[in-house]
Amino acid sequence: MSEAAAGKDLVALPRAAVLMLWVSAYLRGDMGPDDAAQMSYGVGRSGPSGEGEDLFSWMTGLRRLPLAQLRLVLPVPGRLAGLVGPPSVISLALEVEQAIVVTAAGIADHTLVPVLSSVEHEGRPASAVSWARAAAPVGAQVPPAATSGSARQELLEALRRAATGSVELDLVPDEPVEPARIPPGWISTALPRHLDSSAAHLLVLAARTLLLTRAEIDEGHGHTVHLAEALARRGLLDELHEVARGALIEAVERILAEQTG
């Protein structure tokens, strides 16, 4: 619990991103694999299902892979770049819109995807999580890590354009996202203590923007009257959503790259 207490605030993130953050804490030597695995289930009514990949064994196995690197993928239909695996795993990843692709010496080794199921815990609904692992097809191509370094600036510029434009958006990424807007594939977590303030700020800003724009897109154009306004609003939301997705991926991968080299 000391790691949880180290985070000043909780932040909602995709479960794959949460797992990668706590893997970085394990690889850094801040905690053992058992504690890191437990922390990866986040804060709230969430826990292991008892099936699928054992996270303790998976984390310790990363140290045996030559030049291991982890890639966070947040796929949506038509945007599968970086996703590696057989059709069954790709289908699972699309369903939860996330996956972790593990490489060894630059070659795809396997893909890990969270699989969620609903259970009851002490009379209340909860989420049981297992991790499906699939070996990568031989010769699978893996794109380079998203480490251009420009993600934070691109996100801030996109948010600035949205704030100064004429289209009204219900986005306040400086405040926590309402629980009702957090999908089951995401979970609230404390942040590992080794994150510097800049990395933590980008994580929080990108994650909140991604959640808020998703909610606004799902709600449609009820805030608008004219078609032109509705199209302009949707275009701005799509832009923010895409920039926030890229910023979140880059932030998580840069944090982990510091520990895996």
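How many salt bridges does the structure hold? There are 9 salt bridges here, and one of them gets its own view below. This is a predicted model, where local features need pLDDT of at least 70, side-chain atom pairs count only at pLDDT 80 or more, and totals for chains, interfaces and linings use all residues. Numbering starts from 1 along each chain as its sequence is written, and side-chain values use heavy atoms, with hydrogens and water left out.

**View 1. The Asp109–Arg133 salt bridge.** The two side chains meet at 3.9 Å, N to O (a salt bridge puts a side-chain nitrogen of Lys or Arg within 4 Å of a carboxyl oxygen of Asp or Glu). Asp109 sits in strand β5 (residues 107-121) and Arg133 in strand β6 (residues 124-135), 24 residues apart. Strands are DSSP E runs of at least two residues, helices H or I runs of at least four, numbered from the N terminus.

**View 2. Helix α6 packing on helix α7.** Helix α6 (residues 151-164) and helix α7 (residues 197-219) pack at about 45 degrees, axes 11 Å apart. Axes are lines fitted to C-alpha atoms, for helices over the stretch in contact, and angles run from 0 to 180 degrees between N-to-C directions. From α6, Arg152, Leu155, Leu156 and Leu159 meet α7 residues including His201, Leu202 and Leu205 (contact: heavy atoms within 4.5 Å).

View 3. Over residues 1-8, pLDDT stays under 50 (pLDDT is the predictor's confidence in each residue, from 0 to 100). The model has 13 contacts beyond four places in sequence for residues 1-8. For the protein chain, mean pLDDT is 84, and 86% of residues reach 70 or more.
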